[in-house]
Amino acid sequence: MSETSAIDNIIPRTDVVKRAPRIGAEIRNIKLSGDLPGQTIAAINALLLEHKVIFFRDQSHLDDAEQERFALRWGKIVPPLLRAAEGTTSILEIDSAHGGVRADNWHIDLSCMDAYPKISVLRGVVIPPVGGDTVWSNTAAAYLDLPPPLQRLADDLWAAHSTAYDFSNTVRPSEADQKLYDEIRTKKRFETEHPVVRVHPETGERTLVLGSYVTRLVDIPKYDGHRLVSLFESHITKPENTVRWNWKRGDVAIWDNRATMHYAVNDFGEQRRVVHRVAIEGQVPVSVDGRCSIARVNVTKPSQQ
């Protein structure tokens, strides 16, 4: 039996609705939980690898504990750099009313780490009536769009990803929360050199690894590096490579953080928006010539000085 037939026996193709030609699908008639059979988890994973980001409506039965149980079916959870949601140690609460990150930039979750998350699971808790969408892009499709000479150039490039980038561009912290962002810059510092092109460990696809954590290209002068990053990211963010999701309360989005970048649209003003995210530990990226990413800075404890 083919893999497609096996998936169809568990999740009928009629329940898989593509949201854009190159990326994104809505999966219907599934109630997510930590108790789903292994075959169903495997079928969901296959659809995730195919569509890069998948969406589930009407999952209001999930609370933090059940979201965590479901996420654990995919692997070990990465603790959030910022404050965890109350009563949990693994769920990042992004609350616009309490200095929550408004990540209105294209990024890969926690790409400052060497083995950055492979999958993110995001649940809509409080959704504004208008605005607050999220956009994802397919970085594998973006690589294939590059002319062959640019593919070869990208294959040879490495980029430094760091928590040293300016969080003030993406957050509006209260006085109390300002300490959290200072802590990230001083006590939870990460910097990793990743290949600009990694080989996906499950699909073998080549995907671009860039986004807002990038501070420089390795061995490339600053000006030229910025121009090259802008060039490659212009392909990643082409409308043809993207899908936009209009959130409703109880929605769940799951994305392959190894093959996508995403952008939270900051257009909802003072309306409140709360989403809860769980990130699943990933693998250290491998370049097209077999070299692994290199962690240059990994400081997770307060200084003893």
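The model is predicted, so local features need pLDDT of at least 70 and side-chain atom pairs count only at pLDDT 80 or more, while totals for chains, interfaces and linings use all residues. Residues are numbered from 1 along each chain as its sequence is written, and side-chain values use heavy atoms, leaving out hydrogens and water. Helices (H or I, at least four residues) and strands (E, at least two) are DSSP runs, numbered from the N terminus.

**Nonpolar cores**

- A nonpolar core here is a set of buried Ala, Val, Leu, Ile, Met, Phe, Trp, Tyr and Cys residues joined through side-chain atoms within 4.5 Å; buried means under 20% relative accessible area, exposed over 50%, and partly exposed in between (1.4 Å probe, protein chains only).
- The largest core has 31 residues, and Met113, Ala154, Val196, Leu208, Leu210, Leu217 and Phe232 touch the most other members.
- Helix α4 (139-145), strand β12 (214-217) and helix α7 (222-236) each supply at least two residues of this core, with α7 giving the most, four residues.
- Another core, of 29 residues, lies apart from that one and includes Ala25, Ile27, Leu32 and Ala71.
- Leaving aside residues up to four places away in sequence, Val196 has Ala154, Trp158, Leu208 and Leu217 among its contacts (heavy atoms within 4.5 Å).

**Helix α7**

- Gly225, Leu228, Val229, Phe232, Glu233, His235 and Ile236 are the buried residues of α7.
- Looking down the axis of α7, those buried residues fall within an arc of 150°, so they line one face of the helix; the arc is taken from the directions from the helix axis to the C-beta atoms.
- Exposed Tyr223 and Arg227 sit on the face of α7 turned away from its buried side.

**Helix α3**

- In α3 (residues 64-72), the buried residues are Asp64, Glu66, Gln67, Phe70 and Ala71.
- They take up an arc of only 165° around the axis, which puts them on the same side of α3.
- Their cover includes α2 (38-51), β4 (77-78), β6, β14 and β16 (274-280).
- Asp63 caps the N-terminal end of α3, with a side-chain oxygen 3.3 Å from the backbone nitrogen of Ala65.

**Aromatic pairs**

- The whole structure holds five aromatic pairs; rings of Phe, Tyr and Trp (its six-membered ring) pair if their centres lie within 6.5 Å, and planes under 30 degrees apart count as stacked, over 60 as edge-to-face and the rest as tilted.
- Phe55 and Trp245 are stacked, at 4.1 Å centre to centre and 0° between the planes.
- That pair links strand β3 (residues 53-56) to strand β13 (residues 242-245), with its two residues 190 residues apart.
- Trp106 and Tyr263 make a tilted pair, 5.6 Å centre to centre with 45° between the planes.
- Phe55 and Trp245 also belong to one aromatic cluster with Trp136 and Trp255.

**Asp256**

- Asp256, in strand β14 (residues 252-256), counts as buried at 1% relative accessibility.
- The side chain of Asp256 makes a polar contact with the side chain of His200 at 2.7 Å. Such a contact is a pair of N or O atoms within 3.5 Å; within protein, one must be able to donate a hydrogen and the other to accept it, and residues adjacent in sequence count only if both atoms are side-chain atoms.
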